[in-house]
Amino acid sequence: MPANRADIAIVGGGILGLAHAYAAARKGRSVVVFERSPRATGASVRNFGMIWPIGQAAGAIHDLALRSREIWLDVLERSRLPYRPTGSLHVTYRDDEAEVAHEFSEIAPHHGYACQWLSPDEVLSKSQAVRAPGLCGGLWSPLELTVDPRSIVAKLPVFLAEQFNVEFRFNCAVHAIHLPVVEAGAERWEVDRAIVCSGDDFATLFPALLAQCGLTRCKLQMMRTAPQPDGWQLGPSLAAGLTLRYYPAFQICTTLTQLKQRVAAEMPDYDRWGIHLLVSQTEPGELTLGDSHEYGPAVEIFDKPEIDQLILRYAQTFLHAPTLEIAQRWHGVYSKHPDQPFVSLDADEGVRIVTAAGGSGMTLSFGLGAQAVREMEI
Ligand SMILES: Cc1cc2nc3c(=O)[nH]c(=O)nc-3n(C[C@H](O)[C@H](O)[C@H](O)COP(=O)(O)OP(=O)(O)OC[C@H]3O[C@@H](n4cnc5c(N)ncnc54)[C@H](O)[C@@H]3O)c2cc1C
């Protein structure tokens, strides 16, 4: 049987696979993407669609997020896929939350973050969605973008195929890579290099290597409202006090310990389930709300109504929207390394695995793609 041929094989049709395919195709390489399902159904279609540099750790990862954002903008312009340059607002209602957000607004610009502290009136003039009573102020950042992850991950393959001749093999699981041969479903391909972006599948390709990496899974519960009536707009994507203890960016704040201690004492269930709250809006006007964090290799099939209730109860402390009636509930799972912001390792000569971008894979995806292509000299 004659082999099919491409310069680069990509395993996985999630956002990391698509971003790596784009980076390689932009270098003029012929690319084939293998996705085992009829369409990608992993973390990349289950998230908020937030491109979120504000949350990324100061230094190399924040720089990577900013580069990634630039490439996202380029891709979105070229593909004419919709996005919103929403920016982000972290709103605060307690003194300790305000102290962290305020401290961050003072030191973060020296680390390259474009953010500023806003008074309550300034917050309310930026967003009609923020509750006024008790508001201490907020952290505004103009750089965050919002995309609709479900439509982006469905439509990027069409763009990549039309504009760059990237070949997509859906329903086609890669079960072996021994370069130059890639075995996928019933097909056999010959390629020069392969990049494996297989999300939280640690079992199919290079299982022994992945088992040594200490990777785990994280399950997150999510909800979405019906479209808000009368074209009501969220404006900036929203986060609040609990989020300040979640994203690594805020670890540069000396006031963070005090906030974490108070939350642990006053809101132990929020710590137990790793709950904080982000709110983004889709093109049709639905609000996406979440999330929680349950770590471990085995992902529980059933969701916990208690977690949804805690999320909604917290949402009501700061979010003022016409309706919070929930129309959809789901959970997502991502792969995660306990210490590293992502995992990029060479599995074999010419074969790289890129995974475990945790809760920041949408944000970092195109930056990681560009980085892999540069490092692999593709
Ligand atoms: C609920 C939730 C909310 C999040 N919110 C955000 C956010 O707003 N912003 C942000 O930056 N990040 C967010 N993230 C993180 C982000 O979604 C992930 O980091 C990212 O989607 C991971 O992309 P991926 O391509 O590695 O994995 P996936 O999207 O899981 O894709 C992996 C793909 O590989 C395929 N595959 C696996 N093995 C094979 C094989 N052998 N052959 C062929 N195909 C294979 C799978 O079928 C799958 O489609 C969130 C994650 C979750 C779960």
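This is a predicted model: local features need pLDDT of at least 70, side-chain atom pairs count only at pLDDT 80 or more; totals for chains, interfaces and linings use all residues.
**Entry 1, α2 and α11.** I began with helix α2, residues 60-79, which packs against α11 at an angle of about 90 degrees, the two axes lying 7 Å apart. An angle of 65 to 115 degrees counts as roughly perpendicular, so that is what I wrote down for α2 and α11.

Next I looked up who makes the contact. From α2 I listed Ile 61, Leu 64, Ala 65, Arg 67, Ser 68, Ile 71, Trp 72 and Val 75. On the α11 side I found Met 362, Thr 363, Leu 364, Ser 365, Phe 366, Gly 367, Leu 368, Ala 370 and Gln 371.

I stayed with α2 and turned to its meeting with α1. Their axes come within 12 Å and cross at roughly 80 degrees. The pair is therefore roughly perpendicular too. α1 brings Ile 15, Tyr 22 and Arg 26 to the contact, while α2 brings Ile 71, Trp 72, Asp 74, Val 75 and Arg 78. I noted that Ile 71, Trp 72 and Val 75 of α2 are listed here and also in the contact with α11. The division for α1 with α2 is five nonpolar, no polar and three charged.

Which residues come nearest to the ligand? I found 38 residues around it, and Glu 35, Ser 44, Met 50, Gly 358 and Thr 363 come nearest.

Then I checked some polar atoms. A nitrogen atom of the ligand lies 3.1 Å from a backbone N or O atom of Arg 36. A polar backbone atom of Met 362 is 3.1 Å from an oxygen atom of the ligand. For Thr 363, an N or O atom in the side chain is 2.7 Å from a ligand oxygen. I was pleased to meet Met 362 and Thr 363 again, as both belong to the α11 side of the contact in my opening entry.

How much of the ligand does the protein bury? Alone, the ligand exposes 1000 Å², and the protein buries 97% of that. Elements giving two or more residues to the shell are α1 (15-26), β12 (216-225), β17 (326-336) and α11 (361-375).

Leu 179 and Pro 180 are joined by a cis peptide bond, with omega about 10 degrees. I located Pro 180 in the loop between β9 (174-178) and β10 (181-184). Another cis bond joins Gly 290 and Asp 291, where omega is about 15 degrees. Asp 291 sits in the loop between β15 (287-290) and β16 (294-295).

Finally I looked at Arg 80, which is not a glycine and yet has a positive phi of about 55 degrees. Arg 80 lies in the loop between α2 and β4 (88-92).

Methods
Residues are numbered from 1 along each chain as its sequence is written. Side-chain values use heavy atoms; hydrogens and water are left out. A residue is near a molecule or strand if one of its heavy atoms lies within 4 Å of it. A polar contact is a pair of N or O atoms within 3.5 Å; within protein, one must be able to donate a hydrogen and the other to accept it, and residues adjacent in sequence count only if both atoms are side-chain atoms. Accessible areas come from the Shrake-Rupley method with a 1.4 Å probe; for residues, only the protein chains shown count as cover. Helices (H or I, at least four residues) and strands (E, at least two) are DSSP runs, numbered from the N terminus. Axes are lines fitted to C-alpha atoms, for helices over the stretch in contact, and angles run from 0 to 180 degrees between N-to-C directions. Angles under 35 degrees count as roughly parallel, over 145 as roughly antiparallel, 65 to 115 as roughly perpendicular and the rest as oblique. Contact means heavy atoms within 4.5 Å. Ala, Val, Leu, Ile, Met, Phe, Trp, Tyr, Cys and Pro count as nonpolar, Asp, Glu, Lys and Arg as charged, and the others, Gly among them, as polar.
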